[in-house]
Amino acid sequence: MKVGIYASYFGKDDPKTFPDVESFIVLARELRLDVIDFRVDVGFGSLDRDYLRGLKIKCLRAGLPIGYLASGGHFVGTDEELQQKVAQAKADVEVAAYLGAPMIRLFCGAPGVGDAEREIRCFQEVCDFAADAGIIVGLQNHPSTGDNVLRILRETDRENFTFILDTGQWVGSPGVNRGVGDPDVDIYRFMEQTAPYAAHVRAKIYKIDSGREEWLDYRRIVGILKSAGFNGVVSITFEGKDVNACDDRETFRLAARHLRETIASA
């Protein structure tokens, strides 16, 4: 397993310690991380080709492959809204292809919300478009259940459709409920169900100032990933605004050390 970083976060520093994707490239190099992930609408100076080419060069010189480009999804809404969301996802596929990212990220909707058949058709349409560009489409649970993720993967039924496992965005997880999980929901069971299908992991970090993530049990999570044979990237995704005593730079340093030590000891 490799440790990466997602260049988008909800921190507390004002002004922001990491205001753009370039600052995240510098941070990832300092922490000697393995991969960097981007979000298309956060931190980019532009989406024109000169800028994207320069960004690709910066990543290459820093020794950082790009894991994925986060797009939208959430295919719930009116016909017009769905058309706009699909069009945006297709535009982001083209950005990913030029940038050299092998995959885009799309959210699923919450279970039971919206028209499930229309949601599947949207995923299929984006996957078919992305296939022509050589791009993979990664489904992220946001929030979801294990059964719902497996249903979407099965019904979309596209070779270039895969799963991005978000450790903190399950129905009933403490990440959704500000540190308080639903005692009637076993999010670790959801991870056991879906880990065999995961191509990438978003490792949510919330409360880390003690040196160990306190809202999620990464020893247990890494054990689940190892049992599933996962050999991909575990990418730091920081969303711990206002819950850490240390500054944002220190949260990333602590998160990188915590994940590396947990993976090494698994």
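Helices here are DSSP runs of H or I with at least four residues, and strands are runs of E with at least two, both numbered from the N terminus. By that count the protein has eight helices and eight strands. Its radius of gyration, taken over C-alpha atoms, is 18 Å, close to the 18 Å from the globule rule (2.2 Å times the number of residues to the power 0.38) for 266 residues, so the protein is as compact as a globular protein of that length.

A quick word on the model: it is predicted, with local features needing pLDDT of at least 70 and side-chain atom pairs pLDDT 80 or more, while totals for chains, interfaces and linings use all residues. Residues are numbered from 1 along each chain as its sequence is written, and side-chain values use heavy atoms, leaving out hydrogens and water.

Now go inside. Of the 266 residues, 53% are buried, meaning under 20% relative accessible area with a 1.4 Å probe, protein chains only. A nonpolar core is a set of buried Ala, Val, Leu, Ile, Met, Phe, Trp, Tyr and Cys residues joined through side-chain atoms within 4.5 Å. The largest one holds 82 residues, and Ile36, Phe38 and Phe252 touch the most other members. Helix α3 (residues 79-99) gives this core its largest share, seven residues. Apart from it sits another core of five residues, including Tyr6 and Met103.

Definitions and conventions
Buried means under 20% relative accessible area, exposed over 50%, partly exposed in between (1.4 Å probe, protein chains only).
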